[in-house]
Amino acid sequence: MTTPHAPTPDELAVLRRRYRHERERRVRPDGAGQYRPTDAEFGYYAADPYTGQPVARDPLHDTVDVAVVGGGFGGILAGARMRQQGVGRVRIVEKGGDFGGTWYWNRYPGVHCDIESHVYLPMLDETGYVPEWKYAPGEEIRRHAMRIARKYDLYPDALFSTAVTSLTWDEASETWMVATDRGDAFHATYVVTATGTLSEPKLPGIPGIETFQGHTFHTSRWDYAYTGGAPDGGMTGLAGKRVGVVGTGATGVQAVPLLAEDAQHLYVFQRTPSSVDVRANCRTTAEDVGADHDGWARERRENFLHIVSGEGAADQDLVADGWTSSADLLEKLLPSFRRDGGGPAFEAAYEVADAAKMDELRARVEQAVTDPDTAEKLKPWYRYACKRPTFSDRYYSAFNRDNVSLVDTADTHGIERITERGVVVGGDTYELDCLIFATGFSVGASGVHSGKLPVHGRGGTQLLHRWARQGPRTLHGFTSNGFPNLIQMGSLHNASSVNFTHVLDEQAVHASALVAAAEAAFALVEPSCDAEDAWSAVLAEGAPDHEWFHAECTPGYYNREGLGRPNNASAYPHGAVAFHELLKQWREESMGEVMRAKAVPRHQPRSVDVEVLGREPVNEAAGPR
Ligand code: NDP
């Protein structure tokens, strides 16, 4: 591989022009409006292919202590941490047929987590599980989600294949009324929303997309009944088939090598190439990862967080991978990163390091891809972290196969047209038997912040109506005035990290502490407007301005398809490590400030049997559904 070198000022000027050119040929005036959701006539793209018809059941009209909306890692961790606090009835409501969230839905071939398993998988210390691979396959991650749910007894009260349709505060009983699409209308003293950010698949609004007569699906709803095989390959159903895949983001990069092995011919429709760094996945032992003492996993993920967030010194890089080695270039990706205030000298040095890294990644393409024209098209021409970095040691070599064609669509702002028989690009038609959309998700389109799940608080006020004038109002991102006992998880006004399960776990600890404190004080959890104001001021004061950086990036969901960074996604400006410290201190010293006296006496929560919490998980394969 070419040794990366620091570019000269002239080289940097050329590079900037090239980056601008690549951005301009992709940016579209319709921005995010170019996409369409997978509902209405496209509903079949979002149907659940993994759990047949949902089991019939009667609607529920009972009362639980905590209702959790969403059964991905956020919801599971909230449930587990509630159990550790002794909370009795925790009901997780989940659209999928089981726990797992993202890992329930995304079972496409090649699916792996590209954050190291030993820091990504939560509660390894508590479950005693040690992942077998440095980067775990999706199925191992999904099974771990189920393992936590079993250990903390979250199955008996869970509602699967069920979507919450509204949350309404009932002043008379001081509980939330939770309504679902299965006719449930039950009460919960507390509600935790953990709806995730990448849960609504999206499709490109390509003219004619509805006319395609071949087989078609979205990567987050993989149709193994058609392709055959499993996430590790063996898709015999694709023998003799002409397959097209649209999209070359983190999903496309993982799926393409396996599709290439099984399709008669694979057409990869690319609009913007990803940066694809070294993966070097390998089997690991407990010894390799220092899993010889209690707390080893906590220490490892803290070490990773310190390094990728650029906060505080870490003597040792325990994970030592593509994320940690490029940590200095993640500043613009994480709005909360930066200790030194930036400035021209910092930005100049940053740009040089950025250019050297991107040169290294472009050289990687040249080395791996034999056809120079294809290699040229696969080179990423933008600054590091303009698009989400990806990692693979198999992606580029897939393009050396005779049965794989790269079809670049940048000049036409994506695919021009889809017909009954295939895909049209540059006037050429590519006839296909199967068309797969690896086109990602509507970020932030689920849950309470999109309005998809209406939340009516005190006096019937809708959360989004209350926020309409001044923008989101929270204390620490979790709670809002007028919405007692509603605890929101997610990235709004909270910490930000590439290892999001770590952030979610800290949120779950916090949510469960709020509930435990409210139970102990016989109180409601509700911040004052003054507390919200104070938190808004903290968020506004220190927020680093990365707008200019994203304005120069190629379009994508990081910069609202090139039209600017979403302004309601503000995170705590001093970094995730500092945020977690702040929460801990606040819990120790100030949590009483959000406790409001209850007006209504109510039933005592059923305390949980601590023996149950310590037991080993039961056989996973035979687990409850
Ligand atoms: P992305 O949104 O990242 O990528 C969508 C792809 O579809 C892009 O390549 C996009 O091109 C392309 N596309 C969209 N419209 C068109 C069109 N009209 N014509 C041609 N191409 C089009 O989705 P992913 O599913 O890849 O990833 C989403 C997120 O999921 C990731 O960013 C990551 O956060 C997460 N993820 C995490 C993984 C992990 O291991 N932790 C693995 C996989 C995903 P363009 O770039 O030009 O818009």
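Trainee: Which residue in β17 stands opposite Gly-244?

Mentor: Leu-435 does. This is a predicted model, with residues numbered from 1 along each chain as its sequence is written. Local features need pLDDT of at least 70, side-chain atom pairs 80 or more, while totals for linings use all residues, and side-chain values use heavy atoms, without hydrogens and water.

Trainee: Why are β9 and β17 called paired?

Mentor: Pairing takes at least two DSSP bridges; β9 (residues 242-246) and β17 (residues 434-437) have four, in the parallel sense, so they pair. Strands here are DSSP runs of E, at least two residues, and helices runs of H or I, at least four, numbered from the N terminus.

Trainee: What makes β8 and β13 edge strands?

Mentor: The open, parallel sheet has the order β8-β17-β9-β10-β13. β8 (215-218) and β13 (404-408) each pair on one side only.

Trainee: Which strands does helix α8 touch?

Mentor: Helix α8 (residues 250-262) touches β9, β10, β13 and β17, contact being heavy atoms within 4.5 Å.

Trainee: Which helix gives the most to its lining?

Mentor: α8, with four residues. Lining residues have an atom within 4 Å of a point; there are 22, with Gly-110 and Arg-394 among the closest to the centre.

Conventions:
Axes are lines fitted to C-alpha atoms, for helices over the stretch in contact, and angles run from 0 to 180 degrees between N-to-C directions. On a 1 Å grid over the protein atoms alone, a cavity is a set of points where a 1.4 Å probe fits but cannot get out, and a pocket is an open set with protein on both sides within 12 Å along at least five of seven lines; lining residues have an atom within 4 Å of a point.
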